[in-house]
Amino acid sequence: MNNHSSPSENIFLRRPLGKTEIEVSPVAMGCWPIAGMTSLGVNDADSLATLHAAIDDGVNFFDNAYGYGANGESERLLGRALKDRDASQRQSLVIASKAGMHWEANGERKFDASPQRIVSQCEESLRRMGVDRIDVYYLHAFDPAVPLEVSACAFAKLLEQGKVGCVGVSNLTIAQMETFTTACPISVVQPPFNMLQQQIQGDLIPWCQARDIAVVSYWPLMKGLLAGGIRRGHVFEKNDKRLTYDVFQGSAFERAQLLLDFLDPIATKYGVTVAEVVVNWTFNQPGITACLCGAKRDWQIQQSAAAMELEISQDDLMSLDQKLFELEDLD
Ligand SMILES: NC(=O)c1ccc[n+]([C@@H]2O[C@H](COP(=O)([O-])OP(=O)(O)OC[C@H]3O[C@@H](n4cnc5c(N)ncnc54)[C@H](OP(=O)(O)O)[C@@H]3O)[C@@H](O)[C@H]2O)c1
């Protein structure tokens, strides 16, 4: 039974996804945390509440992957949430997934982008999510054992068969994307990008802009660091995998803290959270179509969704950009 309110469909700006006819909210929900593989304290009830909160708050774009969970936990949860919605609500949503990465029985992550694997993963993802078509289907990452053109041909075939609406790639270099496009058109690219990691501004974004390819960026909140709650002296739980990332260590962590110190009064001035300022800044950067905000609790995605309503003054944006420029030069 559908007990959910109608999504606030018209309130927020939708953006064209590159050359496709798909329109997406600039805040998308990243479904990695609800897989429960690295995020702590994940449970189905909260994950489903998070997915529904996203829809209710105007997010229409959901980012999933075959490998989000050892047994497709994130895709299955998304499928359950979709089932709870009526057909018209489901139709307004844009579902993305990825092929080419899975988990072996021994817990090892494996990149396999062979055509057989891509096709079988697509079939299984369709079943898990209970959809006839995956709107955006990405190659998750390069598999050195398979020539890219060969992986790309499998994607081209899925596109031709209508099993996927358009094709994207993630974690590829520009040279690799050039190779991929010889066998299959790329509509969307999914790279990492946030206030502390802006490398793609130099090359990948101009490459995509020149081709009208959408850029859907991941890690806007740098796995929670830029949400504002992880401050100097934070005691991480001992199984918190975030500690394995460089940005949570030494001078990189201190640089993030200096940024958070700067963001605190801006958030206070607008009466919002630091996460909202960060997400708003991210999807408003040149060439960014949408940013993938991971969440495992409803309040988290509600804050990210609220960033779609925020308007930051030009003066504040300029002083923020100046701060980011200064922080780049710190050791
Ligand atoms: N293509 C790829 O290879 C690739 C790689 C990485 C990610 N992605 C995609 O990008 C999405 C985003 O990446 P991500 O989920 O790893 O990281 P993220 O969006 O940068 O951070 C999400 C984490 O931040 C914390 N958080 C979120 N909102 C918050 C708030 N308002 N206040 C405080 N904390 C908050 C939560 O962590 P805690 O509650 O645990 O603190 C949440 O799990 C993924 O879900 C996935 O869809 C793709």
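Axes are lines fitted to C-alpha atoms, for helices over the stretch in contact, and angles between them run from 0 to 180 degrees between N-to-C directions. The model used in these exercises is predicted.

**Exercise 1. Two helices, α8 and α11**

Find how helix α8 is oriented against helix α11, and say which residues make the contact.

*Solution.* 
Step 1. Locate the helices. α8 covers residues 250-270, and α11 covers residues 314-328.
Step 2. Take the geometry. The two pack at about 170°, and their axes are 10 Å apart.
Step 3. Classify the angle. Angles over 145 degrees count as roughly antiparallel. Therefore α8 is roughly antiparallel to α11.
Step 4. α8 and α11 cross in a right-handed way.
Step 5. List the contact. α8 supplies R255, L258, L259, F262 and I266, while α11 supplies D316, L320, K323 and L327.
Step 6. Sort by class. The contact of α8 with α11 has six nonpolar, three charged and no polar residues.

**Exercise 2. Another pair, α5 and α6**

Classify the angle between helix α5 and helix α6, then describe their contact.

*Solution.* 
Step 1. Locate the helices. α5 spans residues 148-160, and α6 spans residues 174-181.
Step 2. Take the geometry. Their axes come within 8 Å and cross at roughly 50°.
Step 3. Classify. Angles under 35 degrees count as roughly parallel, and 65 to 115 as roughly perpendicular.
Step 4. The crossing of α5 with α6 is right-handed.
Step 5. List the contact. From α5 come L148, E149 and A152; they meet Q176, T179 and F180 of α6.
Step 6. Sort by class. Three residues of the contact of α5 with α6 are nonpolar, two are polar and one is charged.

**Exercise 3. The barrel**

Trace the strand order of the barrel, then look at the pairing of β5 with β8.

*Solution.* 
Step 1. Follow the strands. Eight of them close into a barrel, in the order β3-β4-β5-β8-β9-β10-β11-β12.
Step 2. Note the direction. The pairing is parallel.
Step 3. Zoom in. β5 (residues 94-99) and β8 (residues 134-139) run parallel and are joined by four bridges. K98 has Y138 in β8 as its bridge partner.

**Exercise 4. The ligand shell**

Describe the residues that surround the ligand.

*Solution.* 
Step 1. Count them. The ligand is surrounded by 28 residues.
Step 2. Name the closest: G30, W32, Y218, A227 and G294.
Step 3. Find the elements. β12 (290-294) and α10 (298-306) each give two or more residues to this shell.
Step 4. Sort by class. The shell has 13 nonpolar, 12 polar and three charged residues.

Methods: Residues are numbered from 1 along each chain as its sequence is written. This is a predicted model: local features need pLDDT of at least 70, side-chain atom pairs count only at pLDDT 80 or more; totals for chains, interfaces and linings use all residues. A crossing is left-handed if the near helix is turned anticlockwise from the far one by less than a right angle, and right-handed if clockwise. Two residues are in contact if their C-beta atoms, placed from the backbone, lie within 7 Å. Ala, Val, Leu, Ile, Met, Phe, Trp, Tyr, Cys and Pro count as nonpolar, Asp, Glu, Lys and Arg as charged, and the others, Gly among them, as polar. A residue is near a molecule or strand if its C-beta atom, placed from the backbone, lies within 6 Å of it. Two strands pair if DSSP finds at least two bridges between them.
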